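This report looks at a single protein chain. Its sequence and structure are shown first.

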Amino acid sequence: MRVALFVTCVNDTLFPRTGRAVVRLLERLGVEVDFPPAQTCCGQPQYNSGYRHQAEPLVRRHAAAFDGYDHVVTPSASCAAMVRDNHPRIGARAAAEGRGRALADAAAASLPRTYELTEFLVDVLGVTDVGAYYPHTVTYHPTCHGLRVLGLGDRPRRLLEHVGGLVLRELEGAEECCGFGGTFAVRNAAVSAAMGADKARRIRATGAGAVCMVDNSCLMHIGGTLARLGSPVRPVHIAEILASTEEDVR
């Protein structure tokens, strides 16, 4: 099985520890992981801002960078959703505009091989107990792309429930958006901040020491809000929890 890590721009630039955690976790489970150096942005910021044509070269580059791998795994539900949901749309529009099917075919080839991390663990490897140990109280926020586009369902929770030492606290209004939304947070800063403050209030009410998600972009938004409120709740990506072992804690 040839597996490529699609680390994403946000993780590569701001949260490299998440990418390292994915590699540690998958290698512990016997998976050989490669990192294609040609990978770059998947085009989500451009596409979400209305610049479809500017996103097209990134769709081509993504398909070429990950060509030949059995599976492409990413610790980002939003970028996985971009590849699986929007790359085919971009290709289809290019074909409808009379510019051939090359882009559509490239996007179609990437779609069935791309997995968000928890999907890959549960659906491909068939595991929910990855041998993790994380002796902390944690609450889980399901991010919008994972919840509504990928349909991750209870996969992240099932993995967390099998982590040794972890106590999972329920989050009120868990399925409500945290207010990040990528460029939404820039264009509608006041609304985004208000939504983030509401989410942070509910996270603090759980009494958990950490909040985890499958997207570092949303985690960054919530983590920043919690920090401004003076909260000690730690933002942590689910990959880092699943990669943690009893030996690491010692």
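This is a predicted model: local features need pLDDT of at least 70, side-chain atom pairs count only at pLDDT 80 or more; totals for chains, interfaces and linings use all residues.

Residues are numbered from 1 along each chain as its sequence is written, and side-chain values use heavy atoms, with hydrogens and water left out.

The chain is divided into domain 1 (2–124) and domain 2 (137–248), with bounds that come from an automatic or database domain assignment. The C-alpha centres of domain 1 and domain 2 lie 22 Å apart. Their contact (heavy atoms within 4.5 Å) takes 30 residues from domain 1 and 25 residues from domain 2.

The size of an interface is often given as the accessible area lost when the parts come together. Here the buried area (accessible area, 1.4 Å probe, that two parts lose on being put together, summed over both) is about 2,100 Å², and carbon and sulfur atoms give 62% of that. On the side of domain 1, Ala77, Thr118 and Val122 lose the most area to domain 2, together 21% of what that side buries.

Two salt bridges (a side-chain nitrogen of Lys or Arg within 4 Å of a carboxyl oxygen of Asp or Glu) are found across the interface of domain 1 and domain 2. In the model, a salt bridge joins the side chains of Asp123 and Arg155, at 3.1 Å from N to O.

Helices (H or I, at least four residues) and strands (E, at least two) are DSSP runs, numbered from the N terminus. The helices tabulated here each supply at least two residues of the side of domain 1 that touches domain 2.

| Helix | Residues |
|---|---|
| α1 | 9–14 |
| α2 | 16–28 |
| α3 | 44–48 |
| α5 | 77–96 |
| α7 | 117–124 |

The largest share of that side, seven residues, comes from α2.

Four strands form an open sheet in the order β6-β5-β7-β8, with parallel pairing; two strands pair if DSSP finds at least two bridges between them. The edge strands, β6 (167–169) and β8 (234–237), each pair on one side only. Within the sheet, β5 (residues 137–140) and β7 (residues 210–213) pair in the parallel sense over three bridges. Val138 has Ala210 in β7 as its bridge partner. Helix α12 (residues 216–228) packs on the sheet and touches β7 and β8. The direction of α12 makes about 155 degrees with that of β7, where axes are lines fitted to C-alpha atoms, for helices over the stretch in contact, and angles run from 0 to 180 degrees between N-to-C directions.
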